[in-house]
Amino acid sequence: MIKVGINGYGTIGRRVADAVRLQKDMSIIGIVKTKPDYVAVEAARMFNVYASDNETLHTFESSGIKAKGTLNDLVQSVDVMVDCTPEGMGEKNKELYKKSNIKAIFQGGEEAKIAEQSFNAYSSYDKSVGKQFLRVVSCNTTGLARTIYPIMKKFGVNSVDATLIRRATDPNDSKKGPINAVEPSLKFPSHHGPDLKTVLDVKDVGTVAIKVPTTLMHVHSISLKTDSEVSKDKLIEEWSKFNRIIPLSGKSGLSSTSQIMDLAREFGRKRGDLFEIAVWKESLFTSGNTVRYIQAVHQESDVVPENVDAIRAIMGYSDREKSITDTDNTMGIFRRDL
Ligand SMILES: NC(=O)c1ccc[n+]([C@@H]2O[C@H](COP(=O)([O-])OP(=O)(O)OC[C@H]3O[C@@H](n4cnc5c(N)ncnc54)[C@H](OP(=O)(O)O)[C@@H]3O)[C@@H](O)[C@H]2O)c1
């Protein structure tokens, strides 16, 4: 049984904790919070809660939430820590993980150099087996790697051009924006291009990122050049072999991110999560070696199955297919075509 700790129990951390709880080969030893808020109260019903340090431990005690100790205690009893703290904090935490001689998985807000290998279950599992530090790439990069990998595997990909229309912030955040502006990233390529190369062997990647006032999902418009000719039917057939991609159609009533999020609620998923990347079939265009399509990415949850597989990879489990299948089966991710 793999003993897992979750440091940071926000948007990503609490979802990863729930997903780990479903696995037969791993268990959550504890989660770390800084604030004794409503999320901590609910977490304490399911998990051992640890405070981030002695100072926050006192605030837990005074607010009536029974904390089991601090992060320093938790690192003594886990094999691997999934670090889901806000971006930039991982570097500091890494020192503690090193000192405690445990493995750690960081998230996409950290720089790639924090880990020996960046992780996507489809495209970089094998290179990640047995490492001490991994980093699951961001929600956007995960979305790109998921749908490009099957194309690369079957047809070869030599260049990618993608426009990423990014949600402003997550639905539980009332502080960030923009709420009435469109905000392009003024650097070309945006950081997503170089990031994609950390998990996928593609030479030429150009990305542009534009933030818009929505909290539901990101939308990507992708154009790529393949090595061999591609037809629409063959491409949909390839995507359909990968459960974490859902080809769907506007004709089924799924013409915007609102309906796609509603679909996830119809699936009965906790928090209305869509772990899969939704690709609009009507948007798929192929001509010779050119492929274009539009996809939607649920930023709060697409990286969650990747974190589960990253735990198996980092612990030395080398059967990629079985890890992905076990994760998918336990999380209710199966082949869908809408
Ligand atoms: N949100 C997304 O869409 C998304 C998608 C993919 C990847 N990521 C990446 O995932 C990572 C986490 O992002 P998130 O969106 O989950 O952040 P978040 O919702 O802000 O959650 C961060 C968590 O870290 C905790 N925290 C804050 N300071 C801490 C400290 N000093 N020690 C321990 N924990 C601390 C917070 O605890 P309290 O609540 O108790 O303060 C909170 O539980 C980032 O690298 C981010 O870039 C985010």
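Me: Where does Pro-178 lie?

Reply: Pro-178 lies in the loop between β9 (157-167) and β10 (183-184). Helices (H or I, at least four residues) and strands (E, at least two) are DSSP runs, numbered from the N terminus. This is a predicted model, in which local features need pLDDT of at least 70, side-chain atom pairs count only at pLDDT 80 or more, and totals for chains, interfaces and linings use all residues. Residues are numbered from 1 along each chain as its sequence is written.

Me: What is the peptide bond from Gly-177 to Pro-178, cis or trans?

Reply: That bond is cis, with omega near 5 degrees. Another cis peptide bond joins Phe-188 and Pro-189, where omega is about -5 degrees. Pro-189 sits in the loop between β10 and α8 (192-197).

Me: How do you know whether Asn-101 is buried or exposed?

Reply: Count C-beta atoms, placed from the backbone, within 10 Å of the residue's own: 20 or more others make it buried, 12 or fewer exposed, and anything in between partly exposed. Asn-101 has 8 others within 10 Å, so it is exposed. Its place is the loop between α5 (90-99) and β6 (103-106). Phi of Asn-101 is near 60 degrees, a positive value in a residue other than glycine.

Me: What makes Arg-271 partly exposed?

Reply: Arg-271 has 14 other C-beta atoms within 10 Å, so it is partly exposed. Arg-271 belongs to the loop between α10 and β14. Arg-271 is not a glycine, yet has a positive phi of about 65 degrees.

Me: Why is Thr-141 called buried?

Reply: Thr-141 has 28 other C-beta atoms within 10 Å, so it is buried. This residue is in helix α7.

Me: Which residues are in contact with Thr-141, leaving aside neighbours within four places in sequence?

Reply: They are Gly-108, His-192, Asp-195, Leu-196 and Val-199. Contact requires two C-beta atoms, placed from the backbone, to lie within 7 Å. Leu-196 is 55 residues from Thr-141 in sequence, but 5.6 Å away in space, C-alpha to C-alpha.

Me: Why do the buried residues of α10 line one face?

Reply: The buried residues of α10 (residues 257-266) are Thr-257, Ile-260, Met-261, Leu-263 and Ala-264. Seen down the helix axis, they fall within an arc of 150 degrees, so they line one face. The arc is that of the directions from the helix axis to the C-beta atoms. The face turned away from the buried side carries the exposed residues Ser-258, Arg-265 and Glu-266.

Me: What do the buried residues of α10 pack against?

Reply: They pack against β12 (218-226), β14 (277-280) and β16 (290-297). Just after α10, Gly-268 takes a positive phi of about 80 degrees.

Me: What makes a set of residues a nonpolar core?

Reply: Its members are buried Ala, Val, Leu, Ile, Met, Phe, Trp, Tyr and Cys residues, joined through C-beta atoms within 7 Å. The largest such core here has 95 residues; Val-4, Ile-6, Ile-31, Ile-105 and Ile-148 have the most contacts inside it. Helix α7 (residues 139-155) gives the most to this core, with eight residues. The core draws at least three residues from each of domain 1 (2-137 + 303-331) and domain 2 (139-297). Those domain bounds come from an automatic or database domain assignment. Leaving aside neighbours within four places in sequence, the contacts of Val-4 include Val-20, Met-26, Val-78 and Ile-311.

Me: How many residues of domain 1 are in contact with domain 2?

Reply: 18 residues of domain 1 are in contact with 17 residues of domain 2. By class, the domain 1 side has eight nonpolar, six polar and four charged residues. Ala, Val, Leu, Ile, Met, Phe, Trp, Tyr, Cys and Pro count as nonpolar, Asp, Glu, Lys and Arg as charged, and the others, Gly among them, as polar. The C-alpha centres of the two domains lie 26 Å apart.

Me: Which residues come nearest to the ligand?

Reply: Of the 27 residues around the ligand, Gly-8, Gly-10, Ile-12, Gln-107 and Gly-109 come nearest. A residue is near a molecule if its C-beta atom, placed from the backbone, lies within 6 Å of it. The shell divides into eight nonpolar, 13 polar and six charged residues. Its largest share, three residues, comes from α1.
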